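Here are my notes for you to read alongside the structure. Keep the viewer open and click on each residue as you go.

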Amino acid sequence: MEPNLAQLQSCMYQYSRAIYRSIKDQIDPYVDRPTRLEYRRAVLCECEETMSRLAQDPQYFARPDRALFQDIRRYFPITSQAHVAWVVKEGVSAAVAFIEAQLEAGLLDGGVSRCKATTRKGKACQRTPLPGRDYCPSHQHLERTTIPARAAA
């Protein structure tokens, strides 16, 4: 489990740096140089904290893109906030998709894979699938059973 956690932290670090690199040049250019450097540090810190929280607690961090944008929007002029919001949304969405893929593959949560079905409310099923299957007992009817051509003949 430890190597998976180290890999996840490394990947989340890369996502936070990608977001930061995409928006760092748009930090308020109308302030003096020391203030701009302070703003850059603050934006980088907020990106890293968001990705760290997302890696540690992905299921209980509602709207991480919105939270990150709310934390960093004050460092950007109004003219570039739409672009910053888009970059944050895309970067965080990519990170969330990566974490969801890790959860589905069973590489997180103690190595237990999750059912591939969704509930009636549209959320991912949290149950453990049957051995060698993709679905839990409640959703086993969704499993496509393919009959080999030789067995049918």
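1. Start with E48. If you skip its neighbours within four places in sequence, E48 is in contact with Y13, S16 and R17. E48 is found in helix α2, which covers residues 33–56. Take S16 from that list: E48 and S16 are 32 residues apart in sequence, yet their C-alpha atoms are 5.4 Å apart in space. Is E48 buried, exposed or something in between? Its relative accessibility is 30%, so E48 counts as partly exposed, given that buried means under 20% and exposed means over 50%. Bear in mind here, and in everything below, that this is a predicted model.

2. Now step back to the whole chain. How many helices and strands does the chain have? There are five helices and zero strands, and from the N terminus on the order reads α-α-α-α-α. Of the 153 residues in the chain, 33% are buried. The chain exposes about 10,300 Å², and carbon and sulfur atoms supply 50% of that area. Look too at the contacts with a separation of 6 or more: 48% of them are between residues 24 or more positions apart.

3. Next, the inside. In soluble globular proteins, nonpolar side chains tend to be buried together. Here the largest nonpolar core has 29 residues, and the members that touch the most others are M12, I19, I23, V43, I72, F76 and V88. Which elements give two or more residues to this core? They are α1 (2–23), α2, α3 (64–72) and α4 (81–105). Apart from that core lies another one, of five residues, including C115, A117, C125 and C136.

4. Leaving out residues within four places in sequence, I72 is in contact with I23, V43, E46, V84 and V88.

5. L68 sits in helix α3. Its relative accessibility is 0%, so L68 counts as buried. What does L68 touch, not counting residues up to four places away in sequence? The list is I19, E46, C47, T50, V88 and V92. Follow V92 along the chain and you will find that L68 and V92 are 24 residues apart, with 8.8 Å between their C-alpha atoms.

6. T50 turned up in that list for L68, so let's look at it from its own side. T50 lies in helix α2. T50 is buried because its relative accessible area is 5%, and the cut-off for buried is under 20%. The side chain of T50 reaches the backbone oxygen of E46 at 2.9 Å. Not counting residues up to four places away in sequence, T50 touches F61, P64 and L68.

7. Now for a pair of helices. Two packed helices are described by the angle between their axes and the distance between the axes. For α3 and α4, the angle is about 140° and the axes are 9 Å apart. The crossing of α3 and α4 is right-handed. On the α3 side, P64, D65, L68, F69 and I72 make the contact; on the α4 side, Q81, V84, A85, V88, K89, V92 and V96 do.

8. Q81, one of the α4 residues in that contact, deserves a click of its own. Q81 has 12% relative accessibility, so Q81 counts as buried. Where does its side chain point a polar atom? One lies 3.3 Å from the backbone oxygen of F76. Leaving aside neighbours within four places in sequence, Q81 is in contact with F69, R73 and F76.

9. R63 lies in the loop between α2 and α3, and R63 has a positive phi of about 50° although it is not a glycine. With 53% relative accessibility, R63 counts as exposed. R144 is in the loop between α4 and α5 (149–152). Buried or exposed, then, for R144? At 76% relative accessibility, R144 counts as exposed. R144 and D134 are ten residues apart along the chain, and their C-alpha atoms are separated by 10.0 Å.

Notes: Residues are numbered from 1 along each chain as its sequence is written. This is a predicted model: local features need pLDDT of at least 70, side-chain atom pairs count only at pLDDT 80 or more; totals for chains, interfaces and linings use all residues. Side-chain values use heavy atoms; hydrogens and water are left out. Helices (H or I, at least four residues) and strands (E, at least two) are DSSP runs, numbered from the N terminus. Buried means under 20% relative accessible area, exposed over 50%, partly exposed in between (1.4 Å probe, protein chains only). Contact means heavy atoms within 4.5 Å. Accessible areas come from the Shrake-Rupley method with a 1.4 Å probe; for residues, only the protein chains shown count as cover. A nonpolar core is a set of buried Ala, Val, Leu, Ile, Met, Phe, Trp, Tyr and Cys residues joined through side-chain atoms within 4.5 Å. A polar contact is a pair of N or O atoms within 3.5 Å; within protein, one must be able to donate a hydrogen and the other to accept it, and residues adjacent in sequence count only if both atoms are side-chain atoms. Axes are lines fitted to C-alpha atoms, for helices over the stretch in contact, and angles run from 0 to 180 degrees between N-to-C directions. A crossing is left-handed if the near helix is turned anticlockwise from the far one by less than a right angle, and right-handed if clockwise.
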